Amino acid sequence: MSDRTVSESVSAASPAAAPAETAPPGGAWALLVSELTVLFRRRRTWALLLALAAVPVLIAVAVRLSSQEPTPGRGPPFLDQVTQNGLFVAVTGLIVSIPLFLPLTVGVVAGDTIAGEAGLGTLRYLLAAPAGRVWLLVVKYIGAAVFCLAATLAVVTAGVLAGLAFFPVGPLTLLSGDTISLSESFLRALLIAGYVTVSLLGLSAIGLFFSTLTVVPVGAMAATIVLSVVAQVLDSLPQLDWLHPWLFSHYWLDFADLLRQPIDFTSFGANALLQGGYLLVFGALAYGRFVTKDILS
Amino acid sequence: MTPATRAGDLAIETRALTKRFGRQIAVDAIDLAVPMGSVFGFLGPNGSGKTTSIRVMLGLAAATSGEVSLLGESMPGRLARVLPQVGALVEGPAFYPFLSGAANLRRFDSADRAAPGRSRRTRVDRALERVGLSNAAGKKVSAYSLGMKQRLGIANALLMPRRLLVLDEPTNGLDPQGTREVRALVRSLAGEGTTVFVSSHLLAEVEHMCTHAAIMSAGRLVAQGTLDELRAGESRVRVRTPDAAAAIRVLADAGLVAELETAPDDRGAESFTAAEGSPGVDGSSGWSSGRSADHWVSAPIELPRSGRVAPVERGTSSAGGQLAEEDLVAALVAGGVRVRGFHLQDTSLEDRFVALTGEGFDVVR
């Protein structure tokens, strides 16, 4: 009705009104595309990724500049391998990042999902659009999961590049003693990145749930990060070993099996199952909370 | 003003809508009826429950009890069907400060499944143009002024052709020019057949824009109807005379319940002077010394649109029927009352508002 008169006046004023350039697909998927665009257009996201990428680079530089050869058994695992094969920079970088840096960045993004929108007030406009509460929750979770992948890849990629720059890189000697080609070792690096990404999915679901509880994103972020530290502390107490298999952080560092020939997927499977369980439980909690929540911010 | 929508259709209807937060009742059993095609002013002081009502209507918050239907569909059950036809500005605009104005609108538009992605950029540009933000489209919202954000918020409500617009305080933070533009925009939208529901605590705004209004106070809906119906409440006839007792008697004979005003307010005196058209009367003539002291005697009357005067039913009404103002004056003079001033005081929307919601700055709860 009103549309026609307006479009006429507009087309008169600006005839080149962008003919569907990179138009998002519309429908429900448009929100997912938008979510990922907004996430990766944010300076904060890039700051987090750069901070993560700096970890393996710092390791590589430190090892390179240090006069003494790293001794096996001191420092993070695989550190002594770095000088022989630069690809181990990526592995060492991941191991160093897993306990704190990765959960920290994932906590920031996952804790921000709903609470960040609520804090800005944009949540009410998304829901009035209407985005649909369940779909918004799903989109937000997918966004956090994609960030987990991006975060892990940032560490691995920066590690591989730093390894190529500072150390000799060649066929990789695995933990089982076998040697694999350079191209296959890149695949292994990606596989490890996948393992670590999956490891972080449970934490992301917890962050999403915390995020539905508050309109203060910092609160949800802090709670998520604190919980990841608490889980690792509990995991280190032998008195609580009955609890250990249920902690989302239990398999976080168990990707060494992926550096054997043939690859042992046992821990990968156990980890995926555990993370899936966390996703189900905290996804359901987030759903229960968010679908009935009064949006008053 | 009324477009060709089926008469009697309601764009917004609430039945005994109630919203409680713990023990506090924010919205108390309100029955709103917003006709299709109207420009409906939703008035009330700060904290009277306007925004909460709007949140419940849009399905952002759940009603404690009662029902809401928007455009004939029940909410929140048919939310996914209804909301694409509703543009909303709720409790001020809110945006991603790190995105540009246009990117913000694209973001919100992508959340609407009914909005075609193909025309997104065009529609965003069009909405920005409509609120005069084309030049600032690429600027980050963090660099926007309050008024620009307000405009962007209105643009967000106009991304798709809407049947209903819900605008919560749309002129907040706008300069006088911006306010006029918003009024013009609302008028043009209404002219196209969109029902516009505007909440405001600014009476002038509502009087300028709206065909209908409702007044909220402390969570209750205290009045609603067309503007004329709302204004046509109690008016007062006021007589300035030294013969107060006689005047009261004559007015009582005419069926009016008159009383002596102890402290005549300044407004009445001013309008008296203006009506007389002779400012010299209360100037140097010195009626405080030479003449006997004046009193104001006033009586509530009903002012129907015919311009005739009918006494308010207060049990004592005996004369009945309708009187003209001139008849009252004639009766007063015939009764030996020295009429020094006669004034018919219409109820403005403001009087009505203050009468219904109370005076002063105190938030009711």
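## Chain B overall

In chain B, 71% of the contacts with a separation of 6 or more join residues 24 or more positions apart. Here two residues are in contact if their C-beta atoms, placed from the backbone, lie within 7 Å. Chain B has 365 residues, and 44% of them count as buried. Buried means that 20 or more other C-beta atoms lie within 10 Å of the residue's own; 12 or fewer is exposed, and in between is partly exposed. Chain B holds 12 helices and 16 strands. These are DSSP runs numbered from the N terminus: helices are H or I with at least four residues, strands are E with at least two.

This is a predicted model, in which local features need pLDDT of at least 70 and side-chain atom pairs count only at pLDDT 80 or more, while totals for chains, interfaces and linings use all residues. Residues are numbered from 1 along each chain as its sequence is written, and chains are lettered from A and ligands numbered from 1 in the order in which they are written.

## The six-stranded sheet of chain B

Chain B contains an open sheet of six strands with mixed pairing, in the order 7-8-9-4-10-11. Two strands pair if DSSP finds at least two bridges between them. Strand 7 (86-89) and strand 11 (220-226) of chain B are at the edges; each has a single partner strand, so one side of each lacks a neighbour in the sheet. From one strand to the next, the twist averages 10°.

Strand 8 (residues 164-168) and strand 9 (residues 195-200) of chain B are parallel and share five bridges. Leu164(B) has Thr195(B) of strand 9 as its bridge partner. Two helices pack on this sheet. Helix 1 (residues 50-57) of chain B touches strand 4 (39-43), strand 8, strand 9 and strand 10 (212-217), and its direction makes about 145° with that of strand 8. Helix 12 (residues 349-357) of chain B touches strand 4, strand 10 and strand 11, at about 30° to the direction of strand 10. Such angles run from 0 to 180 degrees between N-to-C directions; axes are lines fitted to C-alpha atoms, for helices over the stretch in contact.

## The hairpin of strands 10 and 11

Strand 10 and strand 11 of chain B run antiparallel, joined by six bridges. Met216(B) is bridged to Leu221(B) of strand 11. Two residues lie between the strands of this hairpin, and Ala218(B) takes a positive phi near 50°.

## Where chain A meets chain B

On chain A, 40 residues are in contact with 35 residues of chain B. Helix 1 (2-13), helix 2 (29-41) and helix 6 (122-128) of chain A each supply at least two residues of that side. By class, the chain A side has 25 nonpolar, 10 polar and five charged residues. Nonpolar covers Ala, Val, Leu, Ile, Met, Phe, Trp, Tyr, Cys and Pro; charged covers Asp, Glu, Lys and Arg; the others, Gly among them, are polar.

## Glu35 of chain A

Glu35(A) sits in helix 2 of chain A. Glu35(A) counts as buried because it has 23 C-beta neighbours inside 10 Å. Beyond its neighbours within four places in sequence, Glu35(A) is in contact with Val139(A), Lys140(A) and Gly143(A). Lys140(A) is 105 residues away along the chain, yet the two C-alpha atoms are separated by 7.3 Å.
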